[in-house]
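User: Please walk me through how to read packing, ring pairs and pockets in a model.

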Amino acid sequence: MKIGIIGAGNIGGNLTRRLTALGHEVSVANSRGPQTLTALAEETGATPVTASEAAKGAQVVVVTVPLKAVPDLPTGFLDGAAEGVAVIDTGNYYPQRDGRIAAIEDGLTESRWTEQRIGHPVIKAFNGTYAQDILDQGRPQGTPNRQALPVAGDDPAAKQAVRDLIDELGFDTVDGGGLDDSWRQQPGTPVYGNRGDADAITKGLAEASPERTAEFRA
């Protein structure tokens, strides 16, 4: 599968490592230009590109940049993606880093905000996952207590594509509902940073509160 990754930080870098190891054709971009990704490219075999090029022909695109950087993504960066592309948003709103985003403070889910900025539906996943777990915690399907990730989004086909990819990475998934329900997996909720299995994640999603905790409010 052709996969584009925009953002080469902890999550983006480790997804690049795992997805190339699984045999996927990965293009990776960051804000500083492909010349700064030489080491990652040499390590993994991924192709370093600009953010404008990362989605070209891609069936899955991962947007894994700070929320404050989302409005700076190139206009039309998804125009060359494959038909029906699934766009994964791994982002979280951290006011101390991103500044105050009024719409999110007023209750808009973080991924709905991102979706509105990029003009394409997104699937929220990996936002509460420890980056090192992507490398270390994957297990074969059927393994008892296999770690599970919540996945939220409105497009059933795109959501299933993302869930299948996560399964390939070695994790179970739990359907977190539509994007307007994705507050259940935002920072401060019971599933954020939760390494539990599918039952634990299902329970955590059910116990979440729509009220943002003080730590994650401006």
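This is a predicted model: local features need pLDDT of at least 70, side-chain atom pairs count only at pLDDT 80 or more; totals for chains, interfaces and linings use all residues.

User: Which residues touch the most other members of the largest nonpolar core?

Analyst: In soluble globular proteins, nonpolar side chains tend to be buried together. A nonpolar core is a set of buried Ala, Val, Leu, Ile, Met, Phe, Trp, Tyr and Cys residues joined through side-chain atoms within 4.5 Å; buried means under 20% relative accessible area, exposed over 50%, and partly exposed in between (1.4 Å probe, protein chains only). Here the largest core has 27 residues, and Ile 5, Leu 15, Leu 19, Phe 126, Val 162 and Ile 166 touch the most other members. Elements giving two or more residues include strand S1 (2-6), helix H1 (10-21) and helix H7 (156-169) (helices are DSSP runs of H or I, at least four residues, and strands of E, at least two, numbered from the N terminus). H7 gives the most, five residues.

User: What is Phe 126 in contact with, beyond its neighbours within four places in sequence?

Analyst: Contact means heavy atoms within 4.5 Å. By that test, the partners of Phe 126 include Ile 11, Leu 15, Ile 88, Ile 166 and Leu 169.

User: How many aromatic pairs are there?

Analyst: A pair of aromatic rings is described by the distance of the centres and the angle of the planes. Rings of Phe, Tyr and Trp (its six-membered ring) pair if their centres lie within 6.5 Å; planes under 30 degrees apart count as stacked, over 60 as edge-to-face and the rest as tilted. The whole structure holds two pairs. Tyr 94 and Phe 216 are tilted, at 6.1 Å centre to centre and 45° between the planes. Phe 216 is buried at 9% relative accessibility, whereas Tyr 94 is partly exposed at 22%. Tyr 192 and Phe 216 are edge-to-face, at 6.0 Å and 75°.

User: Which residues lie nearest the centre of the largest pocket?

Analyst: On a 1 Å grid over the protein atoms alone, a pocket is an open set of points where a 1.4 Å probe fits, with protein on both sides within 12 Å along at least five of seven lines; lining residues have an atom within 4 Å of a point. Of the 22 lining residues, Ile 11, Thr 64, Thr 90, Asn 92 and Arg 97 lie nearest the centre. H1 gives the most to this lining, with three residues.

Methods
Residues are numbered from 1 along each chain as its sequence is written. Side-chain values use heavy atoms; hydrogens and water are left out.
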